[in-house]
Amino acid sequence: MADTSTAALAESENVEELRTSPLKSPRVRLALVIGVIVLVVGGVLWYLDHQNRGRYMQSTDNAYVAADSVVIAPKIAGYVERVFVTENQSVRKGQPLAELDPREYRAQTEQITSQIETATAAGETTRSQIAEQQAAIAQARAQLDAARAEAAFAAQQVSRYQPLAASGAEPGERLAQLQMQARMARERVIAAQAGLLAAQRRIGTLGAQVRQAQSQAQAARAQLSAARVNVESTVLRAAIDGRVGDLSVRVGQFVQPGMRMMTLVPVDRLFIDANFKETQLGLMRVGQPVTIEVDALPGVELTGRVASFAPGTGAQFSVLPPQNATGNFTKIVQRVPVRIAIDAPPEVRRLLVPGMSVAVTVDTRSAKGELDRIRQAASRKR
């Protein structure tokens with residue numbers, strides 16, 4: 001019986017000890033105090049960091065690597081004769097990319113060259129005719145002088161025979177004959193004057209023909225310049241340094257002007273298009289530092305800077321921009337494209353291609369306090 005009571009007493013003491021609150025343990029109380037202090041200190045540090053840094057960090061994952069790619073398209077139509085590049089090949093500015101069949105355009109060049117030579121020959125022929133016409137004018141002028149001298153002589157003869165015929169010393173038939181010769185001489189003077197005038201006017205006509213031939217030659221030269229440009233355009237060259245992408249042209253294919261043949265991507269001049277909410281742009285300024293995280297490069301943090309802002313929201317540049325003045329309206333936060341320049345070493349740039357997804361964070365602390373100045377300026381206006 002004694003052993004049984006002793007065991008019952010021990011068991012009751014153990015149950016009482018278990019019912020005792022753990023907070024009475026010094027170790028537990030110390031741990032709780034330390035935990036509360038850590039939480040309070042952590043909260044204070046977070047608040048201070050948020051007030052001094054965190055609230056000025058504007059982030060978005062609606063951002064992508066981009067580049068000012070150049071679409072290669074022909075200026076003229078023709079059959080593709082050769083393709084000098086392959087898909088994803090790196091090229092330099094001015095390097096040949098493809099060539100169209102140039103025979104038709106070279107034939108046009110030769111034809112226009114013949115037209116220039118014909119017009120030039122016509123001009124030279126007309127100039128020779130002008131020289132001949134100068135001689136004809138000199139001849140007509142000499143004939144006019146001779147006719148005038150003959151007319152003057154005939155008039156003197158009539159004047160000399162009129163008194164003689166009136167006195168009967170000379171027959172009247174002789175006077176009449178002299179008068180007829182005088183009239184004929186005057187008519188020959190008039191004819192010679194007309195001939196001289198016609199010869200002189202012929203010079204003007206020939207001069208107009210020379211100018212016409214020169215105009216035709218000049219027009220043909222302009223056509224020749226255009227034809228030579230077409231011949232040069234049969235060889236498509238790289239407009240920039242870059243890498244060939246979307247190569248769709250094949251040898252023997254017929255292409256039209258403006259038809260997309262390939263795209264050149266300037267992989268050494270990549271940038272980021274980040275679409276920030278309009279509510280994030282209040283303190284964002286050009287030149288502010290940016291932290292960049294590329295999805296394809298986990299754990300790699302790149303740097304950059306804000307380069308520029310789009311002159312409108314993305315919705316304004318869509319094919320069908322929204323017309324909020326019609327129908328029911330629901331306010332939606334708009335996004336504004338922001339261009340970010342990438343500061344990365346060459347070994348990293350080689351891994352980046354347009355279209356990659358990135359997450360960016362802009363440090364706007366350099367514009368701290370500008371909103372207050374804007375509010376003050378606005379209040380003064382009121």
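**Surface patches and a sheet**

Q: Is Asp61 buried or exposed?
A: Asp61 counts as exposed because its relative accessibility is 62%; the cut-offs are under 20% for buried, over 50% for exposed and partly exposed in between, with a 1.4 Å probe and protein chains only. This is a predicted model, where local features need pLDDT of at least 70, side-chain atom pairs count only at pLDDT 80 or more, and totals for chains, interfaces and linings use all residues. Residues are numbered from 1 along each chain as its sequence is written, and side-chain values use heavy atoms, leaving out hydrogens and water.

Q: Which strand holds Asp61?
A: Strand β1, residues 57–66 (strands are DSSP E runs of at least two residues, helices H or I runs of at least four, numbered from the N terminus).

Q: And which residues gather with Asp61 in the negative patch?
A: Glu293, Asp295 and Glu301. Like charges, placed at CG of Asp or CD of Glu here, are joined within 9 Å, nonpolar side chains within 5 Å.

Q: What about a nonpolar patch?
A: There's one of about 970 Å², with Val33, Trp46 and Tyr47 among its residues. Val33 lies in helix α2, residues 26–52, and counts as partly exposed because its relative accessibility is 46%.

Q: New topic: what's the strand order in the open sheet?
A: β2-β9-β7-β4, with antiparallel pairing (a pair needs at least two DSSP bridges). β2 (70–72) and β4 (90–91) are at the edges with a single partner strand each, so one side of each has no neighbour in the sheet.

Q: How many bridges join β2 to β9?
A: Three, and β9 covers residues 262–265. Ile72 has Met262 as its bridge partner in β9.

Note on methods
Patch = residues over 30% accessible without salt bridge, like charges linked within 9 Å, V, L, I, M, F, W, Y side chains within 5 Å. Areas by Shrake-Rupley, 256 points an atom, 1.4 Å probe, with all protein chains shown as cover. Salt bridge = Lys/Arg side-chain N within 4 Å of Asp/Glu carboxyl O. Lys, Arg positive; Asp, Glu negative; His and termini not counted.
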